[in-house]
Amino acid sequence: MKLSRLLLVLSAPALAVSFAGCSSDMNANTANANANTNAAASPTPAVQSLSVVERPQKIKDQSAQRGEQDAAAPALTIVEPKEGATVNGSTVKLNLKLAGDLKGYQPHKDPSTGMGNHIHVILDNQPYEAYYELGQPFELRNVSEGAHTIRVFASRPWHESYKNEGSFQMVSFTVKGGGGDASKPTTTNSGQKMADNSNAAKPAASPSASPAPAGEGKDMQPSTAGAVDRKQPLLTYSRPKGEYKGADTDAIMIDFWLSNAKLQGDGGDYRVRYSVDGGEAKYIDKWEPIWLTGWVAGKHTVKLELVDKSGNVVDNGGYNSTSREITVTK
Ligand SMILES: [Cu+2]
């Protein structure tokens, strides 16, 4: 009989799950998965059912508390490195100038919350690093020899980028005698060992209370520039990245920067295609962040691509198709 077969199909994997997962969290997730989908239960992320939700209330609240800042039009200039520069040695100093219609927008990490406005800094097509205090340069350390790009854009405390023209800047340069030895420990200017700050979503460990704290910086992974034409359509992946915990996992934002490309919903020809864990492709047709809910605990891969009318990835040095792994901890 149909019903009993259905029950059998549903209960067998559910049983397997109850043996495999012992934590109550895992069981709660499984219960959710059963409620949300008609697929067989499984502890793997594959069963997660994501849906787009509106901007979370807590972000609306933060936004309201910021006065006019969200309407700012920050304009960045990359002072250093200069376009086409050759940098000797593996440490690349990034100096930025911030101007424009700021309406109170100023990058700074509030020591009490570990949050604040900041700049997203992207070497080649690596995950971004957060840069808070523009008064001193951000050091990209251990940069490998060869051609590189840096992309920067202004960001809000919740990592949503400012999308006005001028917020985004890009520079190409070459490193001679670079580093790229990823096995070397990360050290700061003053030689202190840094905390592993692979996760920018969480407040980084505050620098120790030494009298002369080192500037911001990060040991970079080895990479070189793609063959990017900055006059061609370019998608810059920004979020999600890193680790999400607790309430931050309720709704996770996808955000990106677009250059030389208008999306279909904005009157253009392009679409941004995304998929999670290799699942069904979905589309973003307006250049604004989206929030996805329904994440289950574990590692997830998020892929963002810029595609044309026919659904083909627009090639630009490989930067227009980017995958990142994130970790969701409930
Ligand atoms: Cu950020």
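The model is predicted, so local features require pLDDT of at least 70 and side-chain atom pairs pLDDT 80 or more, while totals for chains, interfaces and linings use all residues. Residues are numbered from 1 along each chain as its sequence is written, and side-chain values use heavy atoms, without hydrogens and water.

Select threonine 174 in strand 9 (residues 169-176); strands are DSSP runs (E) of at least two residues, numbered from the N terminus. Threonine 174 is partly exposed, at 29% relative accessibility (buried is under 20%, exposed over 50%, partly exposed in between; 1.4 Å probe, protein chains only). Beyond neighbours within four places in sequence, threonine 174 is in contact (heavy atoms within 4.5 Å) with Ala85, Thr86, Val87, Gly146 and Ala147.

Next, select phenylalanine 153 and phenylalanine 168, which form a stacked aromatic pair, 6.4 Å centre to centre with 15° between the planes. Rings of Phe, Tyr and Trp (its six-membered ring) pair if their centres lie within 6.5 Å, and planes under 30 degrees apart count as stacked. Phenylalanine 153 belongs to strand 8 (residues 146-155), and phenylalanine 168 to the loop between strand 8 and strand 9.

Finally, select arginine 156: its charged end sits over the ring of tyrosine 162, 3.8 Å from the centre. Lysine 109 lies over the face of tyrosine 132, at 4.8 Å from the ring centre. The criterion is NZ of Lys or CZ of Arg within 6 Å of the ring centre and within 35 degrees of the ring normal.

Definitions and conventions. Helix = DSSP H or I, 4+ residues; strand = E, 2+ residues; numbered from the N terminus. Phe/Tyr/Trp six-rings, centres within 6.5 Å; stacked < 30°, edge-to-face > 60°.
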